[in-house]
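Here is a set of questions and answers on one protein chain. Keep the sequence and the coordinates at hand as you read.

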Amino acid sequence: MAQWEMLQNLDSPFQDQLHQLYTNSLLPMDIRQYLAVWIEDQNWEEAAFRNNNYQANMLFLHFSDQLNYECARCSQDPERLLLQHNLRKFCRDIQAFPGGPVQLADMIFNLLLEEKRILIQAQRAQVEQEQPDLQAPVASQQHEIESRVLELRAMMEKLVKSLSQLKDQQDVFCFRYKTQAPVRTASLDPHHTKQQQLLQETLNELDKKRKEVLDDSRALLGRLTTLTELLLPELEEWKAQQQKACIGAPTNGGLELLQLEKWFTEGAKLLFHLQQLLKELKELSLLVTYDNDPLTKGVDMQEAQVTELLQRLLHRAFVVETQPCMPQTPHRPLILRTGSKFTVRTRLLVRLQEGSESLTAEVFIDRNPPQSQGFRKFNILTSNRKTLTPEKGQSQGLIWDFRYLTLTEQRSGGSGKGSNKSLLGVTEELHVISFTVKYTYQGLKQELKTDTLPVVITSNTNQLSLAWASVLWFNLLSSNPQNQQFFSSPPKAPWNLLGPALSWQFSSYVGRGLDQDQLSMLKDKLFGQNSGNEGALLSWADFTKRESPPGKLPFWTWLDKILDLIHDHLQDLWKDGRIMGFVSRSQERKLLKKTVSGTFLLRFSETSEGGITCSWVEHQDDDKVVIYSVKPFTKEVLQSLPLTKIIHHYQLFTEENVPENPLCFLYPRIPRDEAFGCYYEDKVNLQERKKYLKHRLIVVSNRQVDELQQPLEPNLEPEVESLELSPGLAPGPEPELGLGLEPLLEVGLDLGLSLEPILSVVQEPNLGPELRLEPILEPISQLAPEPEPDLPHDLRHLNTEEMEIFRNSMKIEDIMPNGDPLLAGQHISDEAYVFHPSHFHTDGPLIPSDY
């Protein structure tokens with residue numbers, strides 16, 4: 001959208017500013033509107049402030065031609081008489097400008113500049129009105145920086161123009177001083193007196209102009225200082241955002257580094273330009289000086305300020321763009337392993353490089369290590385230098401990308417690797433990688449330095465989990481990003497910081513964070529009885545070392561195993577919200593007992609090392625509410641069988657050995673197949689179905705009839721959670737509902753190429769669950785015929801429409817005297833399982849589990 005078009009859409013207060021601007025201008029507003037596109041397409045800045053008389057003359061001629069052309073067009077339309085008059089009048093007026101073409105270019109450029117300022121103010125007000133939250137100050141700050149950069153450019157151009165006029169005035173003074181007549185009788189020679197007066201007037205004007213130029217440069221330096229004060233906090237905000245992003249925090253559309261690079265480069269350009277102008281002023285002072293010359297001391301003082309400001313800006317502009325990270329663990333930066341490659345990238349935000357100077361960056365580790373006993377030392381095996389040529393710097397920016405760095409631990413005084421006798425563990429030891437570059441530009445030489453965030457250096461993959469806990473704790477709580485002694489006395493964490501950080505681990509790694517209910521469960525697990533105390537603090541030891549619950553895993557180890565389980569096997573279910581996950585057993589009972597029988601939920605086991613369990617509710621005839629939980633599925637199980645297939649084919653043998661799936665509704669009441677249907681992967685091969693009976697791998701346990709006939713203890717309440725042994729039963733271990741894949745793996749069961757392994761998980765009390773191979777004939781047509789009345793009970797589900805062998809009088813022994821032939825890839829053990837009865841009995845009732 002054109003600038004003038006945006007100005008026309010402004011609110012009334014800003015429209016008033018625009019009217020006031022053109023009230024005091026020689027350019028009529030109607031001409032500005034009529035020629036808006038042409039005016040905005042011209043380079044008025046080049047003509048006005050770069051002493052480009054050729055450009056100014058060309059614009060002047062083109063503008064005059066444009067005015068005459070439009071005036072001729074308006075003469076054909078009587079309704080445009082007023083516009084025609086203004087066009088003709090303004091065309092005559094610009095011919096009389098004292099400054100000629102340069103004055104015209106200067107006038108239009110300043111008008112366009114003022115229009116931009118009005119637009120920026122209007123946009124800032126709109127942002128503040130629409131977004132009164134925390135993003136509004138950020139947007140306002142960015143608009144402020146943009147506005148100041150624009151203003152500084154105009155001030156610089158004005159200073160350049162004033163310095164050019166100062167040079168002209170000094171040339172006039174030098175000419176008059178050198179051409180004045182020789183002094184004979186000064187008091188009686190009127191011509192000499194007139195020359196002296198003219199020379200004195202010229203000197204006075206020169207002195208006045210010098211003061212004006214020095215004041216302009218001082219004002220420009222002050223504005224540049226203010227710009228630097230605005231840029232440095234923005235850079236610190238970006239660094240803090242980067243630090244939080246390293247531990248999984250969302251960026252939320254924060255400030256981009258490329259935008260900072262643009263601002264830093266613009267500020268440095270202006271400072272270097274001002275430095276050159278001050279040098280020119282100093283040269284003028286050396287050519288002509290006099291008593292009380294303002295340039296004698298003023299220029300030196302401003303030069304020192306500019307140099308100091310440049311050094312400060314350059315030093316802060318050298319940053320680590322990408323923190324150290326190993327390619328195999330991109331989701332966990334700042335963890336390195338000896339002998340493994342890692343990458344790190346640095347950038348200089350001031351994108352200025354001499355055309356003939358290459359810039360070399362050098363990398364070090366622990367340049368100033370802490371003086372503590374046992375602190376490990378490392379060497380960088382690969383090249384620690386990276387050179388940036390001017391060609392690459394101009395095309396991609398001043399970036400040093402170290403992609404193949406490798407660390408090795410220094411050997412101690414004795415033999416073998418260095419030993420760590422420090423009080424800190426390996427995963428609590430923090431190391432800092434540093435970078436230096438010798439920067440040269442326009443005579444300024446400076447060594448720039450920057451450091452990474454502290455890294456944890458491990459020696460094997462088993463240390464990765466605790467190393468990440470250290471990285472998380474440090475970057476969440478440390479106020480000093482270079483504090484390598486942080487874990488000598490680690491601070492405690494409040495829940496208002498720790499809770500969101502735990503949610504970041506899930507949102508960044510598995511695609512969905514934790515809701516308030518899940519965070520509440522984790523808070524209760526961490527703080528226990530103090531969970532209701534808003535000021536409660538958690539120690540580092542409680543987070544990573546204290547077993548929770550006692551005798552089980554530490555909290556962080558437990559949580560990190562769940563993260564890996566979700567990422568490797570449950571990511572789609574987690575992202576789609578099918579897994580409730582973090583819910584305590586007591587809360588689980590409260591939720592399920594209010595639902596219909598068959599309602600189930602998926603939660604992570606609080607005791608196993610990375611396991612997920614399925615719990616469902618059953619309402620019994622005596623108004624008891626019983627909740628059953630399957631033995632947790634770990635990654636070893638889920639590697640062989642997806643959780644969705646387990647849920648789909650879960651079987652529980654009820655009275656009279658009738659199998660049924662007790663999992664009917666996902667909490668609160670979503671039909672099972674509606675919730676998980678999109679994840680089912682059953683595929684049908686019609687050719688195979690015509691040849692063979694399909695087989696399905698299942699784990700079977702029975703709900704015995706005698707369990708249902710146990711004498712019941714009278715209930716005082718209509719709804720009770722039955723989680724203990726039933727009355728009259730001998731005490732024994734709690735039942736576990738598990739897959740029982742271990743027996744299968746031990747015997748090395750070969751299912752053959754034609755088998756379709758499907759596990760059916762069922763509950764069995766006291767005895768370990770057994771693996772069985774059930775023969776299943778899947779129907780070829782959707783509408784199966786009625787079962788043959790003369791078939792055995794176990795075979796009545798078969799489709800015998802095309803099995804004519806059962807209808808004649810021929811005996812099976814006559815057809816296959818040597819027994820059934822083996823299928824392709826089938827062993828004798830398979831055959832025995834296939835044709836044995838599909839159900840079996842065990843003693844003992846089904847008892848609820850408490851996992």
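Q: In strand 9, which residue is the bridge partner of Phe-364?
A: This is a predicted model. Strand 4 covers residues 359–365 and pairs with strand 9 in the antiparallel sense over 5 bridges. Within strand 9, the bridge partner of Phe-364 is Ser-434.

Q: Which residue lies over the face of Phe-364?
A: A charge sits over a ring if NZ of Lys or CZ of Arg is within 6 Å of the ring centre and within 35 degrees of the ring normal. At 4.3 Å from the ring centre of Phe-364, the residue over the face is Arg-367.

Q: How many residues of strand 9 are buried?
A: Strand 9 runs over residues 433–441. The strand is mostly covered. Of its 9 residues, the buried ones number 8.

Q: Which residue in the turn between strand 9 and strand 10 has a positive phi?
A: Strand 10 spans residues 444–451 and pairs with strand 9 in the antiparallel sense over 8 bridges. Lys-438 stands opposite Glu-447 in strand 10. The two strands form a hairpin with 2 residues between them. The turn residue with a positive phi, about 50 degrees, is Gln-442.

Q: Is Glu-428 buried or exposed?
A: Glu-428 lies in the loop between strand 7 (398–409) and strand 8. Its relative accessibility is 9%. Buried means under 20%, so Glu-428 counts as buried.

Q: With which side chain does the side chain of Glu-428 make a polar contact?
A: Leaving out residues up to four places away in sequence, Glu-428 touches Ser-470, Phe-487, Trp-540 and Lys-545. The polar contact has a distance of 2.8 Å. The partner side chain is that of Trp-540.

Q: Is the aromatic pair of Trp-558 and Phe-582 stacked or edge-to-face?
A: The structure holds 27 aromatic pairs. In the pair of Trp-558 and Phe-582, the rings lie 5.7 Å apart, centre to centre, with 75 degrees between the planes. Planes over 60 degrees apart count as edge-to-face, so this pair is edge-to-face.

Q: How many residues apart in sequence are the parts that Trp-558 and Phe-582 tie together?
A: Trp-558 lies in helix 18 (residues 555–575). Phe-582 lies in the loop between helix 18 and helix 19 (585–592). Both residues are buried. The parts that the pair ties together are 24 residues apart in sequence.

Q: Are the rings of Phe-600 and Phe-676 stacked or edge-to-face?
A: Phe-600 belongs to strand 14 (residues 599–604) and Phe-676 to helix 22 (residues 672–676), so the pair ties together parts 76 residues apart in sequence. The ring centres are 6.1 Å apart and the planes stand at 25 degrees. Planes under 30 degrees apart count as stacked, so this pair is stacked.

Q: What is the relative accessible area of Phe-600?
A: Phe-676 counts as buried, at 0% relative accessibility. Phe-600 is also buried. The relative accessible area of Phe-600 is 0%.

Q: Which residue lies over the face of Trp-558?
A: Trp-558 is buried. At 4.6 Å from its ring centre, the residue over the face is Lys-525.

Q: Which residues touch the most other members of the largest nonpolar core?
A: The core has 154 residues. Its largest share, 15 residues, comes from helix 10 (residues 190–246). Phe-582 has contacts that include Phe-506, Leu-514, Met-521 and Trp-574. The residues that touch the most other members are Phe-543 and Phe-582.

Key
Residues numbered from 1 in each chain as written. Predicted model: local features only at pLDDT ≥ 70, side-chain atom pairs only at ≥ 80, totals over all residues. Heavy atoms only, no water. Phe/Tyr/Trp six-rings, centres within 6.5 Å; stacked < 30°, edge-to-face > 60°. Helix = DSSP H or I, 4+ residues; strand = E, 2+ residues; numbered from the N terminus. Buried < 20%, exposed > 50% of the residue type's maximum accessible area, 1.4 Å probe, protein only. Polar contact = N/O pair within 3.5 Å; in protein donor to acceptor, adjacent residues only side chain to side chain. Contact = heavy atoms within 4.5 Å. Core = buried A, V, L, I, M, F, W, Y, C linked by side-chain atoms within 4.5 Å. Pairing = 2+ DSSP bridges.
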